[in-house]
Amino acid sequence: MKLAYWVRGDTNAFFGFGVNVLVNVLTLTGLCLGVIKMPASDVFGVILPALGIALVAGNVYYTYLARRLAARENRTDVTAMPYGPSVPHMFIVIFVIMLPIYLTTKDPVKAWTAGIAWAFIIGVIVLIGAFVGPYIRKYAPRAALLGTLAGISITFISMNPAGNMFKAAWIALPVFGLLLIGLLTDVKLPGNLPIGLVALLAGTAIGWIGGVMSVPDVTSAAKDIAFAFPHLKFDLLVDGLKDMAPLLATAIPLGVYNFTEAMTNVESAATAGDRYNLRSVLLADGAGAVIGSCLGSPFPPAVYVGHPGWKAAGGRTGYSMATGVVIALLCFFGLFGLLGAIFPTAAIVPILLYIGLLIGAQAFQATPRAHAAAVVAALIPNIASWATGQMDNTLAAAGTTAAQVGTDALAGAGVVYDGLKTLGEGAILAGLVLGAIVAFIIDKRFWHAAVFSGSGAVLTFVGLIHAEKVQWNANGQVALGYLFLTVILALVALTRPAPRVPEPGEPPAMEGDTFTEAPEGGVPVSSAA
């Protein structure tokens, strides 16, 4: 079998995924310059080139994994995993790690060193997770894995782009419509032009004709173009690690978040037909964060949500490597300021909403119909996390906090802030636990549900979920709730009820879960029941 390095569908996926990564790098550039007030020379001369090295190395590696999988399975339809800067971590490292230090010291370099050290710790935790994650994936129900991923996709990936779209809907909706027509139907453009490129150019043309963009802004941004290649920044990393203890409070749960998210993304790819080795993926993610931090980047890269979307767009093995190389070149030459002045935001962000639609739909389509409630249960912690984040940002913009306003006052306005905040802490891991409990209860596999409920009690007690920081007895009342639930589930399990019988043709509930052929006149049964 001869496997092409580039197919027509790679063009669509390249422009779609490339725009996705472009948006994220533009965002983190703006956060560094506008929030932390870092010198442009450090952002364009150190951080972006360091990120560029991590991205090109990671995407080349994932292209290699895809081609290896294609050769092993003798298939030409394998799609590489997408890889780029982690979106949630961009905001967390800026607002949770770097900004408080900057506000206290007024020194952006101190904030930067803390961010670098934090990213390094994240990478180490993900490397450790490479040896734990495969076991979690093996025993967690698919509804829990895909449901919590859908929660991230619907909230953190879709809502902000959707809001930006409707700030300039006259630009964004035509772009969004073109993407949906080209990527969700079999309708082809004249000449089979790549829909991602056509949609971006159409939105850009509308924006320029409508007067949204400015020639002087482009001219000013063009003056900042300069080549910079990364080099080791061990001194900054060592400085940041000297005061490591405060960083662990967020690095540990977010490191767990990273390898849990990678795990769900691998499960998503497997559902779409491409079964990657989870350990290989996690080792690459951890190494990318460590390498990037050693070169001066505080932004850990990671496998992205969206593999099924790029597969549906026709992407195979070439789009990922091309994205890594092109984005790296843009980073080395400091071109992101110029690109931000050329392309309207409203023309770029619809691709993120498209990915949100695909991942949200997959969570329901690729899991047993009976597990729909489990998917929703896994969604809820991520919705709570997003909602409380919006509340916190709104209050901060007003110069206050939830503590200063008072939770009683918020409750009087119908805002259950405390409960939502607790529910949303460690959202992706909490979603996995809740989704698994509900899925196993639906299947009447009560011992399995009790194990996950007991795990929830332990994770809560040490602060990895439902708590603001990692510590002993981080949230005793929630841990006690999980413990009581564990007792109830164990008591029901002792009655030895018969497991739920899967419906004919039902997709597997778990990774590695298979269904035996039905006896004559009967129905299939799960080999893992």
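How are α23 and α25 oriented to each other? I looked this up before anything else.

**Basis.** I am working on a predicted model, in which local features need pLDDT of at least 70 and side-chain atom pairs count only at pLDDT 80 or more, while totals for chains, interfaces and linings use all residues. Residues are numbered from 1 along each chain as its sequence is written, and side-chain values use heavy atoms, with hydrogens and water left out.

**Helix pair.** I took helices (H or I, at least four residues) and strands (E, at least two) as DSSP runs numbered from the N terminus. The axes of α23 (residues 427–442) and α25 (residues 476–493) cross at roughly 15° and come within 13 Å. These axes are lines fitted to C-alpha atoms over the stretch in contact, with angles from 0 to 180 degrees between N-to-C directions. The two helices are therefore roughly parallel to each other, a label for angles under 35 degrees. I noted the contact (heavy atoms within 4.5 Å) as made by V433, L434, I437 and I441 of α23 and Y482, L485 and L489 of α25. By class, I found seven nonpolar, no polar and no charged residues there; Ala, Val, Leu, Ile, Met, Phe, Trp, Tyr, Cys and Pro count as nonpolar, Asp, Glu, Lys and Arg as charged, and the others, Gly among them, as polar.

**Cores.** A nonpolar core is a set of buried Ala, Val, Leu, Ile, Met, Phe, Trp, Tyr and Cys residues joined through side-chain atoms within 4.5 Å. Buried means under 20% relative accessible area, exposed over 50%, and partly exposed in between (1.4 Å probe, protein chains only). The largest core has 124 residues, and M98 and Y276 have the most contacts inside it. Helix α2 (residues 40–73) gives the most to this core, with 12 residues. Leaving out residues up to four places away in sequence, I listed I36, M38, V93, A111, W112, G115 and P298 as touched by M98.

**F364.** I placed F364 in helix α18 (residues 350–365). F364 is partly exposed, at a relative accessible area of 38%. Beyond four places in sequence, F364 touches A372, V375, V376 and L379.

**Positive phi.** Most residues other than glycine have a negative phi. I logged N74, with phi near 55°, in the loop between α2 and β1 (83–85). N74 is exposed, with a relative accessible area of 55%. I also logged K444, with phi near 60°, in the loop between α23 and α24 (446–461). K444 is partly exposed at 36% relative accessible area.

How values were computed:
Parallel < 35°, antiparallel > 145°, perpendicular 65-115°, else oblique.
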